[in-house]
Amino acid sequence: MKETIKNLTAYQAELPADVVKEKYQLDHLARLSANESPYGPSPKVGAAIRAISDNVLGFYPDGQATLLRDKVAALEQVDPENLVFGVGADELIQLLTRTVLTPGGNMVVPSPTFGEYALHAQIEQATTKQVPVDDATGHVDFAGMLAAVDDRTEMVWLANPNNPTGVFETRADILAFLAQLPESVVLVVDEAYYDFADAPDATLAGDVGNYPNLVVLRTLSKAYGVANLRVGYGIMTAPLYPVMQAVRLPYNLNTYQIVGGAAALDDQDYLQDVVKKVQHERKLFQDFLREQGFKFYASQTNFIWLQVGDTKRVGEMLLSQGYQVNDRLSDTWLRIALGTPADNAGMRDILVQL
Ligand SMILES: Cc1ncc(COP(=O)(O)O)c(C=O)c1O
C-alpha cells in the first residue's frame, strides 16, 4: 500500500435522516449539513427520468453524454469539446488530481476550503500547502497563495465562492492571480456554488479558452437540487481536455444522469426561482447574525460560516432540536446551510439563545 495513505480516514458522510430522527425522537429534521437544496429539483427532472424506456437498461449509456454536453455548451457558451462530465464535481476533483499531481509534487489551497482537494492530493502522494484566508473577511490571500507556489507546485485550487467560508472572489482578482501563476501550474476554479452569487457575470467559464492551465468546475448538486443524481462537469481546453477524457471511465454517467441532468438545465426559470429564494433567505439570516453580533463571513452561497464558540456543543444542541448542521470542520466555527424559510426561522430562534 502507498505509505502516504495508510492512515487515511474515510469521508464522514452525512448520517441518514431516519437514523438521526430515531436517535433524537424527532418528527422533523432539517438537514442543513451538506449544502443541499431544500427545494429539490424542477419537477421536470423526475418526469424526464420516469419517461426513459426500460429498453435502455441492457445497453451502455452514451459515453459522450451528448444530450447533456450540447445543453451545457449552449448554456455556458463554450465548445462542447471543452467539457468533461463526472459523477458529481467530486469525480472531476479526483480525475484532475490524478491527472496533474505527481508523487512529491504539491498543490496550494486556501484554508479553510473543501477537504476533497487535500484528500486526493494525499492519495496521489503529493502534499498540500494551506494558505489561511483573511481572518476578518474570509477573503483569499492571493499574495500569500503566490508566495506559496514553488518549483514543485503543480496545482492551485480555488473554490469560488469558497466552501466553507461562502466568500466570493471577483473574476478580476482571479485573473490577476492567474496572470502571475507559472503556466505549468493548473488553476482549478471550483464554481460549485456559483449559481447563488449575486454577480451573474463573475464566472471564469468564458476565460478557459485563453488559458490552457485554467479549469472551471460546476455541479448540478446545489442550485439545481439534484445532489442524488451525481452530475458535475469541468470546462477545460487542450492539453488537459483530451487527457482527462482518456483518464475518465468511458461510461461514467448513466442515461438517468444524462437525461435528468439535461432536464434540470432546461428549466432555467425554476433555477432562477430557487436562487432568488436562497438569496432572500441569506439576507434575512445575515441581517439576523449581524444584529446579534455573531462573527461570520459575507456569504455568496446557500450556506453560512459562523463562529459559535464550542462547535460540538452547539451542533449537538441544534441536532437535538431537529437541525442537522456541519460541526465537523472547525472547533469554533459552524457551517449552516440555508433551509426552508420555516427552518431558517426556527434556527434563528435557537441561535438567539446562545
Ligand atoms: C466546493 C465544492 N466542490 C465540489 C463539491 C462536490 O459536489 P458534487 O455533489 O457535484 O460531487 C462540493 C460539495 O459539497 C463542494 O462544496
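Colleague: Where is the place of Ala-205?

Modeller: In this predicted model, Ala-205 sits in the loop between β6 (186–190) and β7 (214–219).

Colleague: What makes Ala-205 buried, exposed or partly exposed?

Modeller: Count the other C-beta atoms within 10 Å: Ala-205 has 19. Buried takes 20 or more and exposed 12 or fewer, so a count in between is called partly exposed. That is why Ala-205 is partly exposed.

Colleague: Which residues is Ala-205 in contact with, leaving aside its neighbours within four places in sequence?

Modeller: Glu-76, Val-78, Val-216 and Ile-235. Gly-339, on the other hand, is 134 residues along the chain from Ala-205, and their C-alpha atoms are separated by 28 Å.

Colleague: Why are α10 and α12 called roughly parallel to each other?

Modeller: The axes of α10 (residues 268–292) and α12 (residues 341–351) cross at roughly 5 degrees and come within 11 Å. Angles under 35 degrees count as roughly parallel, and therefore α10 and α12 are described that way.

Colleague: Which residues meet there?

Modeller: Glu-281, Leu-284, Phe-285 and Phe-288 from α10 meet Pro-341, Asn-344 and Arg-348 from α12. By class, that makes four nonpolar, one polar and two charged residues.

Colleague: How do you know that the radius of gyration of the chain agrees with a compact globule?

Modeller: A compact globule of 354 residues would come out near 20 Å, and the chain has 20 Å, so the two agree. Along its principal axes, the C-alpha trace spans about 55 × 55 × 45 Å, and 43% of the residues are buried.

Technical notes. Residues are numbered from 1 along each chain as its sequence is written. This is a predicted model: local features need pLDDT of at least 70, side-chain atom pairs count only at pLDDT 80 or more; totals for chains, interfaces and linings use all residues. The radius of gyration is taken over C-alpha atoms; the globule rule is 2.2 Å times the number of residues to the power 0.38. Axes are lines fitted to C-alpha atoms, for helices over the stretch in contact, and angles run from 0 to 180 degrees between N-to-C directions. Helices (H or I, at least four residues) and strands (E, at least two) are DSSP runs, numbered from the N terminus. Angles under 35 degrees count as roughly parallel, over 145 as roughly antiparallel, 65 to 115 as roughly perpendicular and the rest as oblique. Two residues are in contact if their C-beta atoms, placed from the backbone, lie within 7 Å. Ala, Val, Leu, Ile, Met, Phe, Trp, Tyr, Cys and Pro count as nonpolar, Asp, Glu, Lys and Arg as charged, and the others, Gly among them, as polar.
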